[in-house]
Amino acid sequence: MVATRQSHQQDKSADFKTRLELLALTKDKRELLIKANSLCAALPDQHQQMMAMEMVEILVEMNLDSETLATAYITPYFLDDLVCIEKVTEVMGSHVGVLLTGVSQMATISTLAHQGNGTVQVDNIRRMLLAMVEDVRAVVIKLAEQVCHLRELKNANEEERVIAAKETADIFAPLANRLGIGQLKWELEDLSFRYLHPDLYKSIAKQLDDKRLGREAYMADMVEQVKTKLAEVGIKAEVYGRPKHIFSIYKKMAQKNYEFDQLFDIRAMRIVVDELQDCYGALGIVHTNWRHLNKEFDDYVATPKQNGYQSIHTVVFGPEGKTVEIQIRTHAMHQDAELGVAAHWMYKEGALPSRGSGYEQKISWLRKLLQWQEEVVDGSDLADELKNQVVEDRVYIFTPRGDIFDLPLGATPLDFAYYIHSNVGHRCIGAKVFGKIVPFTHQLSTGDQVEILTQKQPNPSRDWLNPSLGYIKSSRARAKIHHWFKQLDRDKNLSAGKEIIDTALQKLELTYKELEPAISRYNFKELDDLLVAIGAGDVRLNQLLNSITDRTDDEPVIRFKNPTKMSGDKNGIVVDGVGSLMSHVAKCCRPVPGEQIIGYITQGRGIAVHRDDCDSFTNLKNKHPERVIAVSWSDEINGSYALSIKIEATDRAGLIRDISSVLANEKVNVLNMNMETLEDRQLAKFTMQVEVHDLSSTNRLLSKLDQIEGVHQAKRSH
């Protein structure tokens, strides 16, 4: 049957004073709990008091400090808005108030279980992560609350039980496991399994109960034999039968497709010794006296699990040839396995938790997640990664230096590269597993030694983001690649925006100082953000100029030039300040208003107008520098200009519709369009000629096209 704790056996109908005395607490813990009870005693809610005391009883068994016990007692009242944080801080002190706030922020974790990722607010997740890292006791209290909640649902309707059980199985039990808190993990798993699969639960429980007496007698004899053998060589140890949890039995049956009688560890014992060397000494005695199964041996002492768990597991053939699972660990390892992060508050009142390697190891994944979340703004990415870290099965990968990284099941070498560092991922050109080159799509397995091959310059591919190609598994790697391309586009738009603004400010005899009011007006943090928006077409130049020139100050800071208006030819070109002369837009670069231009006198076709960075113009200028002439855009431009653009995208249903929608929304006229499909790469290439009005509308169009799902790049073809 399910192992029971002392807190199960307490008389729930007893009053606060009676239940408190049964706990045999230290003076400091008792006094702070009495103060917490006094704060809530006036509140007429018997149900809250019962739950509060039950949470305390669970945490007392984990030897947690007085502040944690007092916070746990107040939690049910606080979460139901029966007591406010100001009153708690006033009566109990600031430490309890801060811890209680952390517990309330932990409520966000429930949204990961039963809401879509898109609805999860990134700020709430970040606050929760901060609360978990700053004081992980908040997590332990929340887990204890969930245990109490599940116990209460025993007589509730089926719908309530199933919802709570699914939430527990998806989030709370894996979180307890990730933090190494075995004492809460097993009860969360067993209770959720009981509600989700009542028939299976009862079947396993009945089989355990039917054979309990014979198993207990067998194990008592085996325990005595092991004790005797260890004593003969002078190893001091506690040896006892280990309770089996129903969910762990079911999980093993499902994973290995075993029947109940085929399981190796229905009969299980634990050997707890004082020193590390005694673990291996005891293992030698066990293997010397009983034949063991090689495939069922695991040394988690030499290679701990990612949550810090350490123990030696072996299976031997005992009397009558029956298999017995044996766990061997030290007392310190046992405390860590049962209490996890909570073990680090097992000190005298007022002492800070130990910040040794064990504690840091258990929350290092939270710290890494907090560092990574600074790079993303999308709540779904952060929610995905948190669920991956807590819930998904993990694989454990080694670097050539022996460092260990844990990744989601199905992770690839590219995922591994991005987990090491963003720059390693961006510069990755290949990978070796145990010295052999593997493709980027290779799925890594636990124990693989992976070496990442890099180049000097970052050059990630947009193909890596295509889920159908299988290059990456983790949302973290995907977010970092997205961030790189977003930054790449930012640099491009920043350059374009600066060019546009430089031209406009020079024309109006303004300086960048006059743009400062516009930065806050458009809700940007700095000037570069405004320039990026202008380059991308998100902020219209005319609108911006109007906003800074329509000032009503007593002394306007802006003085306009009053040049003679110059009307250009039909293309809007003014040649060397003399007005309209015959000209045409060069097809090699197709400049649009807003770009720097230069003229070249042709033979018989007037003046060809090029962008000043056009390669063809550079060649012409080198051959005939005498034909170069200054040109500029007219002050009044009403026409449109033909422009060729290229789009590369992952081929999918609805792609042409999405591209057409952007073109229609931007009021862009399409002159012609060609499409080529590369089926082997699932790639679609578009070449089209469109009509635009100026550089701002061009940049805005390219930016909108680039944001379409599956588009790798959208750019001018000249």
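Two strands count as paired if DSSP finds at least two bridges between them. Strands here are DSSP runs of E, at least two residues long, and helices are runs of H or I of at least four, both numbered from the N terminus.

This is a predicted model: local features need pLDDT of at least 70, side-chain atom pairs count only at pLDDT 80 or more, and totals for chains, interfaces and linings use all residues. Residues are numbered from 1 along each chain as its sequence is written, and side-chain values use heavy atoms, with hydrogens and water left out.

I start with the sheet. Five strands make an open sheet in the order β1-β2-β5-β4-β3, and the pairing is mixed. At the edges stand β1 (237-241) and β3 (298-299); each has a single partner strand, so one side of each has no neighbour in the sheet. Inside the sheet order, which strand is joined to β4 by six bridges? Strand β5 (residues 323-330) is, and it runs antiparallel to β4 (residues 312-317). In that pair, Ile312 stands opposite Ile328 of β5.

Next, helix α24, residues 527-536. Eight of its 10 residues are buried, so the rest of the structure largely encloses α24. Buried means under 20% relative accessible area, exposed means over 50%, and partly exposed lies in between, with a 1.4 Å probe and protein chains only. Among the buried residues of α24 are Asp529, Leu530 and Ile534.

Last, a residue in another strand. Met673 sits in strand β18. Is Met673 buried or partly exposed? Met673 has a relative accessible area of 39%, so it counts as partly exposed.
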